Amino acid sequence: MSLKFKSQQKINPRDLTAPRKYYATAVTGSIVDLEELAEFVSDQSTISEADILGVLKAMERTMVREMLKGRSIRLGDIGSLVMTIQSEGQEKPEDVTSSSIKKARVNFRPGKRLRKMLKSLDFSKVQDQAA
């Protein structure tokens, strides 16, 4: 199965005056939500959809609590979630304060199986839609 993509015109964020260029952008379909994931997993196991959903919701709460403690989350072979921050550069180390921080993000680092899938992707271009 190939990953679908389209061309999309974008600005160069490092040079806003540069001419816009076209870049490949992944085309995503519908979203699989937590309830649907629980249903899919339930269909492949002896565990009820409600039990799986309860575990996933408890896992979400636990992940938030542990990440607030500064811990990374390793999800077995799926991958890891790591908190990262972006900040403004300062001339001296003592000038770096909490007000220097612009934003925090959660970075997903895929496990071995997902990395293998990413390396073996096949791509197919879809017809661009007229705006």
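Helices (H or I, at least four residues) and strands (E, at least two) are DSSP runs, numbered from the N terminus. By that definition, the protein has 3 helices and 6 strands, in the sequence order β-β-α-α-β-β-β-α-β.

The model is predicted: local features need pLDDT of at least 70, side-chain atom pairs count only at pLDDT 80 or more, and totals for chains, interfaces and linings use all residues. Residues are numbered from 1 along each chain as its sequence is written, and side-chain values use heavy atoms, with hydrogens and water left out.

I turn to the overall form. The C-alpha atoms fill a box of roughly 55 × 50 × 30 Å along the principal axes. The radius of gyration, taken over C-alpha atoms, is 20 Å, whereas a compact globule of 131 residues would have one near 14 Å; the globule rule is 2.2 Å times the number of residues to the power 0.38. Of the 131 residues, 12% count as buried, that is, under 20% relative accessible area with a 1.4 Å probe, protein chains only.

Helix α1 (residues 34–43) packs against helix α2 (residues 49–68) at about 130 degrees, the axes being 8 Å apart. Axes are lines fitted to C-alpha atoms, for helices over the stretch in contact, and angles run from 0 to 180 degrees between N-to-C directions.

Which residues of α1 and α2 meet? With contact meaning heavy atoms within 4.5 Å, Leu-34, Glu-35, Ala-38, Glu-39, Val-41 and Ser-42 in α1 meet Glu-49, Ile-52, Leu-53, Leu-56 and Lys-57 in α2.

Key:
Buried < 20%, exposed > 50% of the residue type's maximum accessible area, 1.4 Å probe, protein only.
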